[in-house]
Amino acid sequence: MTDRRFHLGWFLNYTVDGWDEQWSDGGHDWSGEVYVDIARQLDRAGFDYVLLEDKLMVADTYGGSFEAELRHAQHSPKLDPAPLVPLLAQATDRLGFIVTLSTSFYPPYLLARLVSTLDHLSRGRVGWNIVTSAEDRAAQNFGHDTLPEHDLRYEKADEYVDLVRRLWGSWEPGAVVRDRTTRTYIDHTKVHDIDFEGRFYRSRGPLNTVPSPQHFPVLAQAGGSPKGRALGAKYADTVVAPASTVEDMRAYRDDIRRGAAESGRDPDDVKVLFLVSPTLGDTDEHAWQRVQARVEDPLFIERSLVGISDVTDIDFSAFDLDQPLPDDLVTNGERGTLRAMVEGGRGRTLRELITGDVGRRKGDLVGSPATVADRLEEIAEAVGGDGFLFHAPGLRVSRKYVIEVTDGLVPELRRRGLVRDDRGTDRTGRHLRDALREF
């Protein structure tokens, strides 16, 4: 009998919560306690992991100024997500934590050591989200004028990941012997230099951390461009997919699985999770009322355009809201995001594109828990798996929204046998990769 279950993840930013919304902390707390609350709820609901996004700048793309970015607290201010991981791991039993670290700015040795350390501190529940960064403003914080060209960044990232994996592999299994008779802690014959000499990077090795519980922590990747997809297919255990329609989702997943097979990997070892942000209500009518209220917020369009400007490095304040977008837009930023936006906006004005997509992405994920569960079940069957990565509307941090999903939607999915149900079982000791490969 085919296992119909799909995986669940959550996309979070270590930013202020929805500070100006009714159900929020009001933006007072930066201690991480809001995230502890969220992590506990997701752990209880059986989610596989939280992906902690990160950016390394205060964006000034929209309008050529920090003003809108900071006024809305869109992606800034933002704290470093890596130190948050042990706090969340201590508060949970099985939930995994995938931390975003940029290949453009972290030295490979330090990244390999950091992720290995986090895997120890979480007892095997950590992953690395591989990004190359997409903003020249971030590059300027590290002494560069611009980022390397898009495809070159991914060529460098390919070599970078290879190096990091070799550093993790510089210790053989069984290197830690703890032999009291010979008073030997490490068998030195099982620890090796790697003498890595690549086109972009060099490292002697070995890593100076003992192998972590997973030895090779989970790798995640979220790229919509051909180069990004190729990187994910070659290395990633889980891929975050930006596809917007069921047809796009199926094509995206098929492409990743084909690339994985060509790289000599088992395609079933790569779990493709699609970004979704359902709008839930007590009834279908209530949910659509909530969508309409969100669209009618006078700040909705500007907030949306600030967010899109941040990730594409294109100033969307320069375009007429009541005209279609130009067909010739190009970017050195997130090309997959831009491509999906341009293709989805053909024949529509920018205003219609922004307001018309609310609630309609991924096939009208709006309604009661039963209605949204129906649609997620249909999508999973049509696409072939592997799961969904949830985020709150506008990528804001909202404990209320998390509860709506964990206590409203997930029980409905669980009743249908579509997600894991390990309540009442031993909730310790499961590694993140094992959870991803369970089904």
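1. Which residues of β3 are buried on one side, and which on the other? Gly 96, Ile 98, Thr 100 and Ser 102 lie on one side and Phe 97, Val 99 and Leu 101 on the other, and both faces of β3 are covered, with all of these residues buried; buried here means under 20% relative accessible area, exposed over 50% and partly exposed in between, with a 1.4 Å probe and protein chains only. In a regular strand the side chains alternate between the two faces of the sheet. Seven of the seven residues of strand β3 (residues 96-102) are buried, so β3 is largely enclosed by the rest of the structure.

2. A word on the basis of these remarks. The model is a predicted one, in which local features need pLDDT of at least 70 and side-chain atom pairs count only at pLDDT 80 or more, whereas totals for chains, interfaces and linings use all residues. Residues are numbered from 1 along each chain as its sequence is written, and side-chain values use heavy atoms, with hydrogens and water left out.

3. On the barrel: eight strands close into it in the order β1-β2-β3-β4-β9-β10-β11-β14, with parallel pairing, and the twist from one strand to the next averages 30°. Helices (H or I, at least four residues) and strands (E, at least two) are DSSP runs numbered from the N terminus, and two strands pair if DSSP finds at least two bridges between them. Strand β1 (residues 7-13) pairs with strand β14 (residues 387-390) in the parallel sense over four bridges, and His 7 stands opposite Gly 387 in β14.

4. On the neighbours of β3: strand β2 (residues 49-53) pairs with β3 in the parallel sense over four bridges, with Gly 96 of β3 as the bridge partner of Tyr 49. Strand β4 (residues 126-131) runs parallel to β3 and is joined to β3 by six bridges, and Ser 102 stands opposite Val 131 in β4.

5. On Leu 101, which belongs to strand β3: this residue is buried, with a relative accessible area of 1%. Once neighbours within four places in sequence are left aside, Leu 101 is in contact (heavy atoms within 4.5 Å) with Tyr 106, Leu 111, Leu 114, Val 115, Trp 128, Asn 129, Ile 130 and Val 131.

6. On the helices at the sheet: helix α4 (residues 108-121) lies across β3 and β4 and runs at about 150° to β4. Helix α6 (residues 150-168) packs on the sheet, where α6 touches β3, β4 and β9 (218-221), and its direction makes about 155° with that of β4. Axes are lines fitted to C-alpha atoms, for helices over the stretch in contact, and angles run from 0 to 180 degrees between N-to-C directions.

7. On α14 and α15: helix α14 (residues 369-383) packs against helix α15 (residues 399-415) at an angle of about 55°, with the axes 9 Å apart. This makes α14 oblique to α15, given that angles under 35 degrees count as roughly parallel, over 145 as roughly antiparallel, 65 to 115 as roughly perpendicular and the rest as oblique. The contact is made by Pro 369, Ala 370, Val 372, Ala 373 and Leu 376 of α14, together with Gly 408, Leu 409, Glu 412 and Leu 413 of α15. By class, this contact of α14 with α15 has seven nonpolar, one polar and one charged residues, where Ala, Val, Leu, Ile, Met, Phe, Trp, Tyr, Cys and Pro count as nonpolar, Asp, Glu, Lys and Arg as charged, and the others, Gly among them, as polar.

8. On α8 and α14: the axes of helix α8 (residues 246-262) and α14 come within 9 Å and cross at roughly 40°, which makes α8 oblique to α14. Val 246, Met 249, Arg 250 and Arg 253 of α8 make the contact with Arg 375, Ile 379, Ala 382 and Val 383 of α14, and the residues of this contact divide into five nonpolar, no polar and three charged.

9. On Arg 416, found in the loop between α15 and α16 (432-437): at 22% relative accessibility, Arg 416 counts as partly exposed. Leaving aside neighbours within four places in sequence, Arg 416 is in contact with Arg 4, Ala 370, Ala 373, Asp 374 and Glu 377.
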